[in-house]
Amino acid sequence: MRDAPASMPGLLHRLSVPPQRVAVLRASRIGDFLCAIPALRALRAALPDARITLITVPLLRGLAERLPYVDEVAPFPGFPGIAIQLFEAQNALHFLQRMQAKKFDLALQLQGSGVYSNPFLLLLGARYNAGFVRTGDAAVRLDAALPLPQQGHEIHRALALPVFLGALPAGDHTEFPLTHVDHLRAEALLQKMPRPLLGLHPTAHDPLRRWPLDRFEQAARTLHARYGGTIVILGGAGEYDYNRVLAERLGGICRDLTGLTALGTLGAVMTRLALLITSDSGPAHIAYALGAPTVTVFRAGGSYRYGPPQAGPFRALEPPASVHCVGVDQVTQSAMELIEWSATETTSDLRTQSAR
């Protein structure tokens, strides 16, 4: 099989027997992970009987285990050049030994350009290997290699690999499964807060993607003066110091939930917000998956790759290339439009329920 041209598409159709044990590498942050769900869904549809092991970062294990497209989640142990996870050689060695013992028929690299991730993929010891490479790079020992698309939404960039291998797209929507426990925990956190709930997620891993804190403050004060309710600040434990600055500025009109919500609970909280204003970050993608009304503030050109993947109660705002960042008035106007939309939808739902 390795004599076939590595760039030839349709590897899944060229195998004499469908692979039964499949490994997929997508060890990324939450936004990129959610953007890969359509690729996982297409792979599952193409290989309904395979046992699919997803290798992802430990933080996302709980979310990944909820997806119906994977059978097992293996926490990524880190690897030189892949900065998402701290690398410890002994842990990585034990991990690779466990993976090799599974005797994968096929391993797929959905991580990115492959410069560092393809060597990791080959160490899994699968019979066949496929993944992305940089444009112009040789496939080396991959049985199928696709140049990583440079254009398009991240969803379609990830989806390109399973399609290249012979899978059919099964939709480009993302998913964020919630449980009954997620909703109970969200209710417990929010039950005493005056409505409406106006959410803020100020931070982002890349500081260049952060809308300035003073603009978050101005927008929050404007919306609270108009609608009342509670400003709810959201974020992970590592974002506490950054978000605390905004919480202290807003004082009694806000509640700071930074670090108090696991990912599932965070999603359930979002479904109860009248609106979320966020920088370009992972929680924005959670909101898109859940259909939560969201204003996302991008830097110039950012929405092309990471904007809302489908129509919905979303506003993706970015400045012209000549302007540093989006203005407060533009954000508050978009926010008010979505709050009014949310109120209309809620009223319509209540009327429908009472008519039944």
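Predicted model: local features only at pLDDT ≥ 70, side-chain atom pairs only at ≥ 80, totals over all residues.

Reply: Residues are numbered from 1 along each chain as its sequence is written, and side-chain values use heavy atoms, with hydrogens and water left out.

Me: How many helices and strands are there in the protein?

Reply: The protein has 14 helices and 12 strands. Helices are DSSP runs of H or I with at least four residues, strands are runs of E with at least two, and both are numbered from the N terminus.

Me: What makes the protein as compact as a globular protein of that length?

Reply: The radius of gyration is taken over C-alpha atoms, and the globule rule is 2.2 Å times the number of residues to the power 0.38. For 356 residues the rule gives 21 Å and the protein has 22 Å, which is close, so the protein is as compact as a globular protein of that length.

Me: Why is lysine 103 called exposed?

Reply: Exposed means over 50% relative accessible area, buried under 20%, and partly exposed in between, with a 1.4 Å probe and protein chains only. Lysine 103 has 59%, so it is exposed. Its phi is positive, about 55°, although it is not a glycine. Lysine 103 sits in the loop between helix H5 (89-101) and strand E4 (106-109).

Me: How do you know whether valine 140 is buried or exposed?

Reply: Its relative accessibility is 71%, so valine 140 counts as exposed. Valine 140 also has a positive phi, near 55°, in a residue other than glycine. It belongs to the loop between strand E5 (128-133) and strand E6 (144-147).

Me: What makes a set of residues a nonpolar core?

Reply: The members are buried Ala, Val, Leu, Ile, Met, Phe, Trp, Tyr and Cys residues joined through side-chain atoms within 4.5 Å. The largest such core has 77 residues, of which Val24, Phe120, Leu124 and Leu165 touch the most other members. Helix H7 (residues 154-165) gives the most to this core, with 5 residues. Another core, of 29 residues, lies apart from it and includes Leu213 and Leu246.

Me: Which residues is leucine 165 in contact with, leaving aside neighbours within four places in sequence?

Reply: Contact means heavy atoms within 4.5 Å. Leucine 165 has such contacts with Gly10, Leu11, Leu12, His13, Leu108, Ala130 and Ala144.

Me: What makes the peptide bond from arginine 195 to proline 196 cis?

Reply: Its omega is near 0°. Proline 196 is in the loop between helix H8 (180-190) and strand E7 (197-201).
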